[in-house]
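Subject: Structure handover

Hello,

Here is the structure I promised to pass on. Please open it first, then read my notes below.

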Amino acid sequence: PLVFSISYGVDETELPASYGRDFDVIAMKLGVRGVTILASSGDDGAVSPTASRDSMRCGYNPSFPATSPYVTAVGGTMGPENHTPEVVCQSDKGGIITSGGGFSTIYATPQWQRKQIQSYLDAIGTGSTGTGGLPGKGAPLAGYNTDGRGYPDVSALAFNYIVAVNNNFTAVSGTSASSPVLAGMVALVNAARIADGKSALGWINPMLYQLYDAFAIDITEGTNNCASTGHVCCGHGYSALAGWDPVTGLGSVNFRTFKQALLALGDHPLTPTAAPTVIPGFPTASPTAANSAAPTRSPIAYPGIYKGWMYLTEYSNTDCEGDITSVSGVPVGVCLIQYNANNKAIGSVQYNCNEVEATVSSYASTTCQESKLQQRQYFGTGCAPSVQDSYYLDPSTAYGTSLQFSVRSQENNVDVMTPPVPVTSAVMDYVMQSTYDDSHTPCEPALLSGYSTYLQNHCFDVQDPNYGDYSYKFVYPKVYVYSTLGCSSHKPQVESLSDTCSAIDGRRRLSSISS
């Protein structure tokens, strides 16, 4: 491939010297061959990812490989997805993540970037001796390297991308989204250049700083002093200004003019010819604290800080306005123990949610210990179409799903363990299955850990790659399971339900309700 996008990063303070040198040599070789390398600038602003969990870790922590002069570092913006002006993507303004940026402590300012960085330093006035001007336009707190390579180089939208994962549509955010977007733009330009008999772009950084007036949308609003999730905002960070800045770089890329400018170049784009300049004092031995560059968390979802219920509602049509066919609810911000068929605790799960995203975190421990995290899934809130076939969107098999969050405040003495009940325009009967988080105290109401409701006499189709097609419907107190779709086979399997505490782990109860 002629384009690579990298979505991992590590603090420069943890980067083994040999790793950085080897990476740069390989990047230079690829650049000469016409390969373009792009990297996410990071999702925690000017600070370290650890600052998102610990305010004592505030400080300038530039991220490699975004700081390497031989990759194009891509920051993040937001706004147009909500039909508002484009600004810095920042967690404290609802952006989930904050555009990474700053100045390298390893690499000196490249010649092709010096003019823009000097303009930025002149604009803030006091260089590295500032006392902090966030969220205004004053000089940043002291501690950053005015002689270092500045990043990002450019930016793209980094908020609320809708992706499909396992038949579910979800919203994700991060510079791990904006970097691949710019990589796609470069790939399209390469295709057009090759079709025109020209070479691929290769290393593009010098070209960007020469031609930015032709394609860059200058971003002048926002800061990057907050870590992802917005829980921790530091004094360390930068403000977006006119021209290049260590928040969004030269600005957001307008693809139409970007393509025009790079298509007009001749057949010999600039390629790296010299080894990177290393600032004196860069360690010559690998720190023992790090073995290699580790992937960053991306996409990043907002941890739930409220008690309440998160519930997934399924509708009979795709606009989420038809009859409710099922609702599943789980408490938010509560560590729930998971049991196997032998009633043995095997782990735990915790659900978190905000206005735009929800997370489901599974742990190997029974206490939701972060170091024992096994999997974290991300889902977007709001209405979205869902399909029964993962390979294509067939309108005949599509239905609507809506993920919502119901906040219940403990401070107001509201019972946070009481789930919402389906509400429809007509009176309809539902079957409810309740799950409880303790097998030793069967079906104790105070230990309710989840519930699902199903519309009676509604056919639920399932297309499973492992078990094949089947369907089922509830007619309380029975459930009918069919070997075909559409609940049409003549001899379904029939299972009787009970409104008493079930023998399944001693933790479930089935009952009939009406809305």
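Leaving aside its neighbours within four places in sequence, which residues is Asp218 in contact with? They are Leu241, Ala242, Gly243 and Leu250. Bear in mind that this is a predicted model.

**The annotated site**

UniProt, in an unreviewed entry, lists Asp218, Ile219, Gly243 and Asp245 under "binding site". These residues span 28 positions in sequence, yet no two of their C-alpha atoms are more than 9.7 Å apart, so they gather at one spot.

Asp218 sits in the loop between strand S12 (216–217) and strand S13 (252–253). Its relative accessible area is 35%, so Asp218 is partly exposed. A polar atom of the Asp218 side chain lies 2.7 Å from the backbone nitrogen of Gly243. Gly243 is itself on the UniProt list.

Asp245 is also found in the loop between S12 and S13. Is Asp245 buried or exposed? Asp245 is buried, because its relative accessible area is 0%. Beyond its neighbours within four places in sequence, Asp245 is in contact with Tyr120, Ile219, Ser239 and Ala240. A polar atom of its side chain lies 3.1 Å from the backbone nitrogen of Leu241.

**The nonpolar core**

In soluble globular proteins, nonpolar side chains tend to be buried together. Here the largest nonpolar core has 51 residues. Tyr120, Leu208, Tyr238 and Phe258 touch the most other members. Several elements give two or more residues to this core, among them strand S1 (3–6), helix H2 (114–124), helix H4 (205–215) and helix H5 (255–263). Helix H3 (175–195) is on that list too. The largest share, five residues, comes from H3.

Take Phe258 as an example. Not counting residues up to four places away in sequence, Phe258 touches Met185, Val186, Val189, Leu208, Phe215 and Val253.

**Charged residues**

How many salt bridges does the structure hold? It holds two.

One joins the side chains of Asp153 and Arg149, at 2.6 Å from N to O. Asp153 counts as buried, at 0% relative accessibility. Arg149 is buried as well, with a relative accessible area of 0%.

Asp196 and Lys198 form a salt bridge through their side chains, at 3.9 Å from N to O. Lys198 has 22% relative accessibility, so Lys198 counts as partly exposed.

Now look at Glu12. It is found in the loop between strand S2 (10–11) and helix H1 (17–32). Glu12 is buried yet has no salt bridge. The nearest side chain of opposite charge is Arg149, 8.1 Å away. What does the Glu12 side chain join in a polar contact of 2.7 Å? The partner is the side chain of Ser104. Not counting residues up to four places away in sequence, Glu12 touches Pro62, Phe64, Thr67, Ser104, Thr105, Ile106 and Tyr107.

**One last residue**

Arg21 is in helix H1. At 43% relative accessibility, Arg21 counts as partly exposed. Arg21 and Ser68 are 47 residues apart in sequence, and their C-alpha atoms are 9.8 Å apart in space.

Best wishes

Note on methods
Residues are numbered from 1 along each chain as its sequence is written. This is a predicted model: local features need pLDDT of at least 70, side-chain atom pairs count only at pLDDT 80 or more; totals for chains, interfaces and linings use all residues. Side-chain values use heavy atoms; hydrogens and water are left out. Helices (H or I, at least four residues) and strands (E, at least two) are DSSP runs, numbered from the N terminus. Buried means under 20% relative accessible area, exposed over 50%, partly exposed in between (1.4 Å probe, protein chains only). Lys and Arg count as positive and Asp and Glu as negative; His and the chain ends are not counted. A salt bridge is a side-chain nitrogen of Lys or Arg within 4 Å of a carboxyl oxygen of Asp or Glu. A polar contact is a pair of N or O atoms within 3.5 Å; within protein, one must be able to donate a hydrogen and the other to accept it, and residues adjacent in sequence count only if both atoms are side-chain atoms. Contact means heavy atoms within 4.5 Å. UniProt positions are given in the numbering used here, feature names are shortened, and annotations may be inferred rather than shown by experiment. A nonpolar core is a set of buried Ala, Val, Leu, Ile, Met, Phe, Trp, Tyr and Cys residues joined through side-chain atoms within 4.5 Å.
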